[in-house]
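Subject: Structure handover

Hello,

Here is the structure for you to look through. Please open it beside this note; my findings follow below.

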Amino acid sequence: MTTEETTLVMRFEDCRRTDVALVGGKNASLGEMVHSLTSQGINVPGGFASTSAAYWRFIKENDLESFIRESIDSLNQGKATLAETGAAIRRAILKGSWPEDVANAIAEEYRHLEAVTGRPGLDVAVRSSATAEDLPDASFAGQQESYLNICGTEALLRTCQRCYSSLFTDRAISYRSVKGFDHFKVALSIGVQIMVRADRGGSGVMFSIDTESGFDKAVVINAAWGLGENVVQGAVDPDEFVVFKPFLTDASLTPIIEKRLGAKAQKMIYAEGESPTVNVPTSRLEQRSFVLDDQEVLTLARWAAIIESHYGCPMDMEWARDGLDGSLAIVQARPETVQSRRDASVFKSYRITGDSEVLVTGLSIGESVVSAPVCMIDNPSEIENFKDGSILVTGNTDPDWVPIMKRAAGIVTDHGGRTSHAAIVSREMGLPAIVGALDATDKLHDGQIVTLSCARGDEGAIYDGAVAFEVEDILLDHIPDTKTKVMLNLANPGAAFRWWRMPVDGVGLARMEFVISNHIRIHPMALVRYDTLQDQAAKSQIDELTRGYEDKCDYFVDKLSRGLARIAAVVHPSPVIIRMSDFKTNEYANLIGGQVFETPEANPMIGFRGASRYYSDAYAEGFALECKAIVKLRQSMGFKNVIVMIPFCRTTREADKVLEVMANQGLKRGEDGLQVYVMCEIPSNVIMASRFADKFDGFSIGSNDLTQLTLGVDRDSELLADLFDEQDDAVEWMISKVIQEAARAGAKVGICGQAPSDHPEFARFLVEAGIDSISVTPDSFVEVKKHVAAAEKSKLPAAEPVMS
């Protein structure tokens, strides 16, 4: 016999990642980290693993192989059901007796752990690790069981036997059959690991890649109070943190680009008696507090980057924080099996084109859309009630739900985060899903036709009825190169990551006001002057949104900087041009607490907007918060690729005032590489272009407003719609003029708008005029690239603009 055939247990420090056949993927990975990564500061609790040889000794000693073969044959021949087969095999395993040598080997290693920790009756985690587990094409997503807070040799051996039996749960048998694994070439190793007292601290799951888009520069961390099973099973709505990996090597930066507070309604803790763990409600303080502080988030993210680098592939990890000493630990790590295997040369873009009431929202899993009837199921035992091709709606799922999930068109759960079981399995199966929907089981009903959409970013939505949608295949290999930069217009931080594979030259327009209206929702002056507010309803809303912030203004700065950071991250290090807020007075007034700070105007389109607000006493303190967010974004987070842009700047005198205000807030043009652009959307910007070029580093042509103000046409008027034309000779003269003046002054000039996508001849005009960049919506990018490439191929020399 070989050593592998006789080795019954191995300490983690003796295992390597090449030992999958001996100790399974989970334990091989733990051993690899203990051996190779503890020297880099990663804490991995010690332990040992029983080997596949120990499993086969148990099976042989109890004469189980022939029984298992006969049972599986009966299942395959239709003589027995899956439930009957699994139950019979599990009973037989649990009735078995331990071979003396295997039992002694496990007990001896457990006593060794007691000795090295100085803790008699040591509490350990006992986890199953199949020898075919965590291979690149199979996640196994909890197919076998894990047990926590197991104390004493007798309890450990009983639990190990339960682990062996879990190799034949209904879900495990079904999963192996679907994946084509031979039941008799899969053995079970058992990992026994020193417990981290997360029952008094917290725990969760971490990915070194964005789980929805595959964005490879992000680390995603989910966190909940107590032991980690609740996060894995989707039994709680966890906190979520997103960290930008490239900046983790700079200790002076805090590149946390998203922090989302989860409900965390319960936690799993130690229990006494028959069950070693129990779920209890969390306190209000726990529900309102983040599980991790910023430094802990960064420590975990750095560990994720180190682990990913060591393994050479994106990783899926579980972590825990000890509530007794505050230490962090990695308790599992395995390859990520979905996004890392996607075809990087093509992706589908979904877009809702119809309109209907939104019934339910939650976290979106995937990016697709499906219309189908709802099928409400409370328990996997109700599988016979599920109608194939329906959208499964339930509280949460665990591995027992897999046979139902395989038959679904989409999945909706009330609870869970992006790393829950429902999310992981949905991704693997390619199903759109919404998790953490809170009240889907209350608002939806059996047989109801709905549309499940994951097409609008990180927020998924359930629409009433079958809503029309479009699907586009984007082939990245077929996008031509161009000298003219083609950039994206982005506003929604939640949708930004989905475009990371696009070969864009940056973001030509990031709309700050979208983040303010959709994520912050509060008028900045209502935060600055909160104490003077008389509107009690508004104050109550502000109190709810800013809970946890001593200074309510910090809420605005944090939310705005992180929202913009997601956009800045997706194209880093390419430039991202962020336009400072450009609400009109009526739009500002609609923000919470905004009515008292805005004076109604007859024509807000050309009223108190843009630059004129920034130095006015009526809004200067609000603009200061915008500036603080940009300072945090560039200096604390590290996004030096951010360029600031000032909208609706009417005169150079106004430009001087705005630049002075910005400098006083820590945003001085030219300092620390800061560039400041100006929107070219008013005729005065063109007429005085050379003087504006002295004040700013670049121009971005806002073709809508420039057309409106050049032609004197209200762009929202249906009566004048035929006169609103961005390709009118007068408008094109304006555009050509500012491009030439910018070139003479050495300033950059771009344009953001839809026209280059809709009209190839307009793209040709821009290229021939010498535009530096064109910025468009993501769904227009490919067409504009093609139009620009064609225009460059036949480009004529730029001519001096002449009025006819």
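How many helices and strands does the secondary structure of the chain come to? The count is 30 helices and 30 strands. Here helices (H or I, at least four residues) and strands (E, at least two) are DSSP runs, numbered from the N terminus.

Some ground rules. This is a predicted model, so local features need pLDDT of at least 70 and side-chain atom pairs count only at pLDDT 80 or more, while totals for chains, interfaces and linings use all residues. Residues are numbered from 1 along each chain as its sequence is written, and side-chain values use heavy atoms, with hydrogens and water left out.

**Overall shape**

The chain has 804 residues and a radius of gyration of 30 Å; a compact globule of that length would have one near 28 Å, which agrees. That radius is taken over C-alpha atoms, and the globule rule is 2.2 Å times the number of residues to the power 0.38. Along the principal axes, the C-alpha atoms fill a box of roughly 100 × 55 × 50 Å.

Buried residues account for 59% of the 804. Buried means under 20% relative accessible area, exposed over 50%, and partly exposed in between (1.4 Å probe, protein chains only).

Now contacts (heavy atoms within 4.5 Å). Of those between residues at least 6 apart in sequence, 70% join residues at least 24 apart.

**Surface and charge**

**Aromatic pairs**

The structure holds 17 aromatic pairs. Rings of Phe, Tyr and Trp (its six-membered ring) pair if their centres lie within 6.5 Å; planes under 30 degrees apart count as stacked, over 60 as edge-to-face and the rest as tilted.

One of the pairs is W98 with Y164: the ring centres are 5.6 Å apart and the planes stand at 45°, so the pair is tilted. W98 sits in the loop between α5 (82–95) and α6 (100–117), and Y164 in helix α7 (residues 153–165), so the pair ties together parts 66 residues apart in sequence. W98 is buried at 18% relative accessibility. Y164 is buried at 0%.

Y350 and F469 also pair, with centres 6.5 Å apart and planes at 35°, so this pair is tilted. Y350 lies in strand β14 (residues 346–352) and F469 in strand β22 (residues 469–475), so parts 119 residues apart in sequence are tied together. Y350 is buried at 16%, whereas F469 is partly exposed at 31%.

Y55, W56, F58, W98 and Y164 form one aromatic cluster.

**Helix α8**

Which residues of helix α8 (residues 170–179) are buried? They are R171, A172, I173, S174, Y175 and R176. Their cover includes α4 (65–76), α5 and α13 (421–429). Just after α8, G180 takes a positive phi of about 80°.

**Two more residues**

W319 is found in strand β12 (residues 315–321). W319 is buried, at 2%. T651 lies in the loop between β26 (642–646) and α23 (652–664). T651 is partly exposed, at 27%.

Best wishes
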